[in-house]
Amino acid sequence: MRTTPLKSLLADAGATFGQRHGVESAISYADARTEYRRIRDAAAVTDFSFTQKFRIPEAGALDFLDNLLAGNVARTRFGRVLHTFLADDDGHLVADCYVANNDEEFVLLCESIVDDATLAGVLAAHGAAEAGMEDLTQSHALISIDGFKAWAVVKELFGADVVGLPYLSIETYQFEGEGIRLIRAGKTSEFGYMLLAPASCAGHLFSRAKELSEGQGGGCCGIAIHDALRLEGRFFNIQAEGRLVKDPLPLGLQWMIDFDKEKFRGSAAIRMRREEGLKQKIIGVRSEQVLSPGAPIFTSAGKVADVVVSCHSPTLDAHVGLALFPCDIAFAGLTCSLGSAKGPEVRTISMPPIMPRSLGVKLDEM
Amino acid sequence: MSPVSPEMQAIIDRRSSVINKFKEELIRRLNLPYTPQDLHEDVSLLGAGLGLDSLDALEIVLCVENCFGIKIPDENISVLRSINTIVDFVIQEQDAKGGAR
């Protein structure tokens with residue numbers, strides 16, 4: 001089983017470890033509410049090294065990546081990042097991908113729901129070797145700094161100009177003489193930065209980021225709390241609804257797809273389903289009761305939907321989730337019942353249901 | 001057809017009408033390469049998701065004014081998070097004006 005290059009450091013910081021798709025990761029450090037507040041109110045550092053990471057030289061990258069991924073890599077300008085996905089031949093999700101155009105290279109980060117060997121096999125079958133792809137998964141750590149004050153942590157690490165980086169952009173900074181590829185991205189709906197660091201300096205970088213996050217009133221977070229934050233902020237989570245529903249269209253991921261591209265892996269199946277028309281759509285739900293995954297949702301006339309994923313939102317002090325509804329009634333603003341026609345109330349809601357503090361911060365305040 | 005009461009169907013019909021009108025105008029104004037069915041109502045409009053910028057945000061505000069005669073205040077950025085949050089605002093404003101459609 002692969003483990004993170006930061007394992008001993010994370011263990012010393014109090015991490016509880018678990019496994020995701022054959023990779024050992026730090027699941028948590030403290031209770032969920034504490035970790036939640038670290039990100040919503042301060043800054044937190046999370047080890048995302050379970051992510052599969054690759055570097056492709058510019059010369060071989062465009063054809064390789066554009067034939068593989070659903071989005072348009074060729075249109076991704078220098079210094080910018082494309083958020084898209086990798087599907088299988090049936091058009092079902094395999095990995096949530098960031099593709100960064102970083103001068104003479106492209107960086108590919110895959111948060112996948114398959115193990116390393118399976119993903120490597122897919123990439124190899126589609127020309128990874130011919131493209132000159134280099135696997136950075138074992139040699140590099142991926143450290144995520146997220147939170148309302150995350151910008152202050154990266155500003156201290158890399159200097160003031162990092163604050164002006166637009167969302168979904170990449171820049172390389174120096175740390176202890178090593179190049180750190182920094183991608184401004186995240187799925188908590190607060191400020192987020194992903195640092196791709198060689199293993200040789202990743203430990204020191206993590207420690208320094210942790211120290212600075214603690215200085216902002218935050219600290220370390222495990223990967224588990226990110227599931228709740230993604231749901232609350234209505235960021236697609238391949239580990240949750242992605243893994244369960246698999247079809248990008250009912251999940252509303254059409255924005256990740258360039259339908260004008262000639263082809264990409266799974267494109268024929270996705271185009272066919274698009275032409276047939278959607279039968280179901282995932283929408284937000286909210287209840288004062290616990291929303292168990294799989295729980296049925298009823299109107300007065302009968303069962304209409306099932307809960308797919310859920311979490312408790314400390315900000316709302318309510319349970320929020322995603323449920324698969326038939327398209328003809330997949331609308332916010334409806335009052336339904338949970339479990340039976342006479343069960344407790346569950347309402348369909350607009351997502352995201354919270355207003356993150358980071359959205360209100362102006363550049364001149366940073 | 002899914003089993004719903006007449007009251008629920010009325011809510012659906014009203015919301016659907018606002019959504020469809022807004023989506024068609026948005027796609028036209030911003031020349032988006034999508035059909036209305038492609039645009040999930042919860043997709044983020046600015047930054048993540050559709051990745052629209054501040055100039056596009058002005059177009060969205062004009063889109064709402066053009067479709068519904070409703071102005072989104074400059075300071076109310078939370079309204080622009082998704083199609084659904086915009087539709088919530090439109091319906092709320094319509095109800096405040098006495099249900100004008």
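In chain A, 6 strands form a closed barrel with antiparallel pairing, in the order S14-S17-S16-S15-S18-S19 (strands being DSSP runs of E with at least two residues, helices runs of H or I with at least four, both numbered from the N terminus; two strands pair if DSSP finds at least two bridges between them). The twist from one strand to the next averages 45° (axes are lines fitted to C-alpha atoms, for helices over the stretch in contact, with angles from 0 to 180 degrees between N-to-C directions). Antiparallel strands S15 (residues 296-299) and S16 (residues 302-313) of chain A are joined by 4 bridges, and Phe298(A) stands opposite Lys303(A) in S16(A).

The model is predicted: local features need pLDDT of at least 70 and side-chain atom pairs pLDDT 80 or more, whereas totals for chains, interfaces and linings use all residues. Side-chain values use heavy atoms, without hydrogens and water; residues are numbered from 1 along each chain as its sequence is written, with chains lettered from A and ligands numbered from 1 in the order in which they are written.

In chain B, the axes of helices H2 (residues 54-68) and H3 (residues 83-96) come within 12 Å and cross at roughly 40°. Contact (heavy atoms within 4.5 Å) involves Ile60(B), Val64(B) and Phe68(B) of H2(B) and Ile86(B), Val90(B) and Gln94(B) of H3(B).
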